[in-house]
Amino acid sequence: MTQPRSRTIATALALVAAGVATLAVAASPADTIAARQANFKKMGGAMKVIKDQLAGGADKAKMADAAKTIAAVARAQVPMFPKGTGPGAGVKTDALPAIWTDRATFDGHAKKLIVEADKLVAATGTGNAAAIGAQFKAVGSTCGACHKQFRAED
């Protein structure tokens with residue numbers, strides 16, 4: 001009696017796994033580019049929240065929520081640059097071909113952003129405006145370094 005149930009569960013897991021793989025393959029370059037651009041806008045909005053709070057108010061909860069958004073989006077961006085989603089995809093993107101020709105450096109920037117964003121989350125937890133400001137600059141520098149090398153000027 002339990003054997004058929006085990007097969008059913010195994011079959012369901014296999015179908016789920018196949019469905020996930022299908023979804024990953026089925027995402028068009030346009031969808032992927034749109035998703036990562038939306039993520040970058042979300043990250044930029046969160047950076048603005050922290051900047052505005054540091055300029056006046058310094059609402060600890062707002063800054064903490066924004067920092068968590070940056071950290072979560074930084075992690076979500078890592079797989080958002082598959083091959084075929086660069087300028088040759090036929091969709092407007094500021095992503096330079098160097099992302100795919102110098103992947104190790106690009107991935108290094110992405111990893112550094114995650115580390116710096118996590119430090120920003122920790123800094124916002126202290127409520128210390130000076131520490132938050134210093135870490136905010138570190139995150140901004142990390143973003144800027146990657147943009148300089150891997151993003152086209154508008």
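Reader: Let us begin with F106. Is F106 buried or exposed?
Author: This is a predicted model. In it F106 counts as buried, because its relative accessibility is 7%, under the 20% cut-off.

Reader: Which aromatic pair do F106 and F150 form, and with what geometry?
Author: The pair of F106 and F150 is edge-to-face, with 5.3 Å centre to centre and 80° between the planes. F106 belongs to helix 5 and F150 to helix 6, so this pair ties together parts that lie 44 residues apart in sequence. F150 is buried as well, at a relative accessible area of 2%.

Reader: How many aromatic pairs are there in the whole structure?
Author: The search finds 4 aromatic pairs. One of them joins F81 and F106, also edge-to-face, at 4.9 Å centre to centre and 65° between the planes. F81 sits in the loop between helix 3 and helix 4, F106 in helix 5, and the two are 25 residues apart. F81 counts as buried, at 5% relative accessibility.

Reader: Which residues make up the aromatic cluster?
Author: One cluster is formed by F40, F81, W100, F106 and F150.

Reader: Changing topic: what is the volume of the largest pocket?
Author: The space in the largest pocket is about 750 Å³. It is lined by 29 residues, and those closest to its centre are F40, Q77, F81, H147 and R151.

Reader: Which element gives the largest share of that lining?
Author: Helix 2 does, with 8 residues. Helix 3, helix 5 and helix 6 are also among the elements that give two or more residues. By type, the lining divides into 15 nonpolar, 7 polar and 7 charged residues.

Reader: What happens just after helix 2?
Author: G57 takes a positive phi of about 110° there. A58, in the loop between helix 2 and helix 3, has a phi near 50°, a positive value in a residue other than glycine. Most residues other than glycine have a negative phi. A58 is partly exposed, with a relative accessible area of 34%.

Reader: Finally, where is H109, and what is it in contact with?
Author: H109 is in helix 5 and is buried, at 18% relative accessible area. Beyond its neighbours within four places in sequence, H109 is in contact with T142, A145, C146, Q149 and F150.

Notes. Residues are numbered from 1 along each chain as its sequence is written. This is a predicted model: local features need pLDDT of at least 70, side-chain atom pairs count only at pLDDT 80 or more; totals for chains, interfaces and linings use all residues. Side-chain values use heavy atoms; hydrogens and water are left out. Helices (H or I, at least four residues) and strands (E, at least two) are DSSP runs, numbered from the N terminus. Buried means under 20% relative accessible area, exposed over 50%, partly exposed in between (1.4 Å probe, protein chains only). Contact means heavy atoms within 4.5 Å. On a 1 Å grid over the protein atoms alone, a cavity is a set of points where a 1.4 Å probe fits but cannot get out, and a pocket is an open set with protein on both sides within 12 Å along at least five of seven lines; lining residues have an atom within 4 Å of a point. Grid points are joined across faces, edges and corners, and a volume is the space filled by probe spheres set on the points. Ala, Val, Leu, Ile, Met, Phe, Trp, Tyr, Cys and Pro count as nonpolar, Asp, Glu, Lys and Arg as charged, and the others, Gly among them, as polar. Rings of Phe, Tyr and Trp (its six-membered ring) pair if their centres lie within 6.5 Å; planes under 30 degrees apart count as stacked, over 60 as edge-to-face and the rest as tilted.
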